[in-house]
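Please read the following briefing alongside the sequence and the model.

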Amino acid sequence: MIHVTRRAEFSASHYYHNPELSAEENRRIFGKCNNPHGHGHNYTLEVTVAGEVDPTTGMVLDLKDLKKLLEDEVLELMDHKFLNKEVPVFATKIPTTENIAVEIWKLIASKLSFGKLHRIRLYETPDLFVDYYGE
Amino acid sequence: MVYLTRRYRFSAAHRLHNDALSAEENARIYGKCNNPHGHGHNYVLDVTVAGPIDPATGMVYDLARLDRAVQAEVIERFDETNLNLDVENFQTRVPTTENICMEIFKLLRPHVDGSEGSAGARLNRVRLEETSSNFIEYQSVG
């Protein structure tokens with residue numbers, strides 16, 4: 001078993017707000033991330049696929065296919081978008097790095113026709129990242 | 001158990017091509033990596049050793065010993081070479097990042113596992129970055 005990771009970058013804006021909480025509670029919990037005008041990040045996504053090396057090709061998968069899947073399923077949906085307003089799932093779910101990572105797992109896992117999705121790692125900044133293993 | 005990772009770098013040329021396949025199949029599978037003249041990468045190699053901390057030294061593994069093993073087995077063998085033409089390990093195996101990664105694991109393991117002064121340290125993982133956008137990890141099982 002070997003793990004192959006492909007990295008992709010996208011930029012998006014978001015803000016953290018739970019309509020079920022009061023304005024004061026939202027400010028207390030989310031601090032400056034609660035600014036309704038939103039703010040942006042350059043996200044770095046690392047998608048790791050687990051599989052066996054094909055003895056004929058020496059490869060687990062064709063990296064071009066993985067790159068295209070990330071472009072079609074993730075970047076197309078999220079790159080240069082205001083996540084709360086333009087990505088339907090985040091109309092009702094707060095687009096925290098945690099929730100975005102879980103959402104990306106859901107977008108990718110079922111469409112992967114090679115290997116098995118092992119991990120989604122999403123960096124919000126170089127100092128902060130979330131790992132999701134599907135459970 | 002503590003995990004210690006040391007980073008190394010080497011540069012090499014390669015061509016992805018399998019003689020057992022037709023020219024068309026090679027071109028389809030490997031795309032521009034099948035260019036017969038080859039192309040190069042700056043590889044970044046992370047070697048992870050796992051083990052208990054030796055109470056006498058406060059260390060998991062002697063980094064100088066690891067450096068010597070990587071220098072002798074990996075850097076001298078692979079750095080500034082054409083992997084297909086110059087390295088025996090890839091005469092019959094396509095030098096994909098996957099295969100290079102597994103080969104490095106095989107080359108280094110005997111130097112770490114059970115070596116003198118290892119205090120129970122084991123080679124845990126080899127991680128090889130081909131470009132800043134993709135890397136391969138091969139991990140010891142058990």
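Predicted model: local features only at pLDDT ≥ 70, side-chain atom pairs only at ≥ 80, totals over all residues.

Residues are numbered from 1 along each chain as its sequence is written, and chains are lettered from A and ligands numbered from 1 in the order in which they are written. The model scores ipTM 0.74 and pTM 0.83.

**Confidence**
- Chain B has a mean pLDDT of 92, where pLDDT is the predictor's confidence in each residue, from 0 to 100.
- In chain B, 97% of the residues reach 70 or more.

**Chain A**
- Chain A contains four helices and five strands; helices (H or I, at least four residues) and strands (E, at least two) are DSSP runs, numbered from the N terminus.
- The order of elements along chain A is β-α-β-α-β-α-α-β-β.
- The C-alpha trace of chain A spans about 60 × 25 × 25 Å along its principal axes.
- Of the 135 residues in chain A, 25% are buried. A residue is buried if 20 or more other C-beta atoms lie within 10 Å of its own, exposed if 12 or fewer, and partly exposed in between, with C-beta atoms placed from the backbone.
- Of the contacts in chain A with a separation of 6 or more, 68% are between residues 24 or more positions apart; two residues are in contact if their C-beta atoms, placed from the backbone, lie within 7 Å.

**Tyr132(A)**
- Tyr132(A) belongs to strand 5 (residues 128-132) of chain A.
- Tyr132(A) counts as buried because 20 other C-beta atoms lie within 10 Å.
- Apart from neighbours within four places in sequence, the contacts of Tyr132(A) are Ala101(A), Val102(A), Trp105(A) and Ile120(A).

**Chain B**
- Chain B also reads β-α-β-α-β-α-α-β-β along the sequence, with four helices and five strands.
- Buried residues are 32% of the 142 residues in chain B.

**Nonpolar core**
- The largest nonpolar core has 53 residues; such a core is a set of buried Ala, Val, Leu, Ile, Met, Phe, Trp, Tyr and Cys residues joined through C-beta atoms within 7 Å.
- Val49(B), Cys101(B), Ile104(B) and Leu128(B) have the most contacts inside this core.
- Beyond four places in sequence, Leu128(B) is in contact with residues including Tyr43(B), Leu45(B), Phe135(B) and Ile136(B).

**Helix 1 of chain B**
- Asn26(B), Ile29(B) and Tyr30(B) are buried in helix 1 (residues 23-30) of chain B. They lie on the same side of the helix because they cover an arc of only 75 degrees around the axis, the arc being that of the directions from the helix axis to the C-beta atoms.
- Exposed Glu24(B) and Arg28(B) sit on the face turned away from the buried side of helix 1 of chain B.
- Gly31(B), with a positive phi near 55 degrees, follows helix 1 of chain B.

**Contact between the chains**
- Chain B gives 17 residues to the contact and chain A gives 14 residues.
- On the side of chain B that touches chain A, helix 4 (97-112) and strand 5 (134-139) of chain B are the elements giving two or more residues.
- Strand 5 of chain B supplies the largest share of that side, five residues.
- Strand 1 (residues 2-14) of chain A runs antiparallel to strand 5 of chain B, joined by four bridges; two strands pair if DSSP finds at least two bridges between them.
- His3(A) stands opposite Glu137(B), which is in strand 5 of chain B.
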